[in-house]
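Subject: Structure handover

Hello,

Here is the structure I promised to pass on. Please open it next to this email and read along.

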Amino acid sequence: MALEYRRYKPEECEFVPVALAEEVPPGERLLLTIGDIDVVVFNIAGQYFAIEDRCTHDDAPIGDGELEGYTLVCPRHGARFDVRTGQVLAPPAPAPVPAFPVQVHDGRIEVGIPRQK
Ligand code: FES
């Protein structure tokens, strides 16, 4: 069975400013908490991506993991996630991580967090 993954659409989200764009240059990442969600934001070759900083294997942080292209490797047991979508690319993670839209507005990085329903 194919794993479902969840990439939130911008229209579902409220955008929260998290940093100046110049503070996260290409190759860098930012770990932060928005509300009660731990988030990691990556700048990969000038494009920003954000996923929840929580491995679905045992809920450990993944934000410090090694990045290979667009693939983040969980530092604990090696699950792999596509930071563009949150999709699992390799086990043992059983499910994808949420991926949040990112925009740059007035020089600030803004992460889209799903609105509470
Ligand atoms: S905690 Fe990430 S693979 Fe186990």
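Below is what was found in it, from the overall fold down to single residues.

Two notes before the findings. This is a predicted model: local features need pLDDT of at least 70, side-chain atom pairs count only at pLDDT 80 or more, and totals for chains, interfaces and linings use all residues. Residue numbers start from 1 along each chain, as its sequence is written.

**Overall fold**

The protein chain has 11 strands and zero helices. Both kinds of element are DSSP runs numbered from the N terminus: helices are H or I with at least four residues, strands are E with at least two. The radius of gyration is 13 Å, close to the 13 Å that the globule rule gives for 117 residues, so the chain is as compact as a globular protein of that length. That radius is taken over C-alpha atoms, and the rule is 2.2 Å times the number of residues to the power 0.38. Along the principal axes, the C-alpha atoms fill a box of roughly 40 × 35 × 20 Å.

Buried residues make up 32% of the 117 residues. The cut-offs count other C-beta atoms within 10 Å of a residue's own, placed from the backbone: buried means 20 or more, exposed means 12 or fewer, and partly exposed lies in between.

Contacts reach along the chain too. Take the contacts between residues at least 6 apart in sequence: 50% of them join residues at least 24 apart. Two residues are in contact if their C-beta atoms, placed from the backbone, lie within 7 Å.

Strands pair here if DSSP finds at least two bridges between them.

Now walk across it. E2 and E3 pair over six bridges, and Leu 30 stands opposite Val 41 in E3. E3 and E4 also pair over six bridges. There, Val 41 has Ala 50 of E4 as its bridge partner. E4 and E9 pair over two bridges, with Ala 50 opposite Phe 100 in E9.

E3 and E4 form a hairpin with two residues between them. Ala 45, in the turn, has a positive phi of about 55°. Five of the six residues of E4 are buried, so E4 is largely enclosed by the rest of the structure.

**The three-stranded sheet**

A second open sheet runs in the order E1-E11-E10, again antiparallel. Its edge strands are E1 (13-20) and E10 (102-105), each pairing on one side only. E1 and E11 pair over seven bridges. In one of these pairs, Ala 19 has Ile 109 of E11 as its partner.

**The core**

Which residues have the most contacts inside the largest nonpolar core? They are Val 41, Ala 50, Ile 51, Phe 100, Val 102 and Val 111, in a core of 24 residues. Such a core is a set of buried Ala, Val, Leu, Ile, Met, Phe, Trp, Tyr and Cys residues joined through C-beta atoms within 7 Å. The elements giving two or more residues to this core are E3 (37-44), E4 (47-52), E9 (99-100) and E11 (108-114).

Phe 100 is worth a click. Beyond four places in sequence, its contacts include Tyr 8, Cys 13, Val 39 and Val 111.

**Backbone points to check**

Most residues other than glycine have a negative phi, and most peptide bonds are trans.

- Asp 59 has a positive phi of about 70°. This residue is in the loop between E4 and strand E5 (66-68), and is exposed, with 8 other C-beta atoms within 10 Å.
- Asp 106 has a positive phi of about 55°. Its place is the loop between E10 and E11, and with 8 C-beta neighbours inside 10 Å it counts as exposed.
- The peptide bond from Pro 91 to Pro 92 is cis, with omega near 15°. Pro 92 is in the loop between strand E8 (88-90) and E9.

**One more residue**

Thr 71 is in strand E6 (residues 71-73). With 16 C-beta neighbours inside 10 Å, Thr 71 counts as partly exposed. Leaving aside neighbours within four places in sequence, Thr 71 is in contact with Arg 80, Asp 82 and Leu 89.

Best wishes
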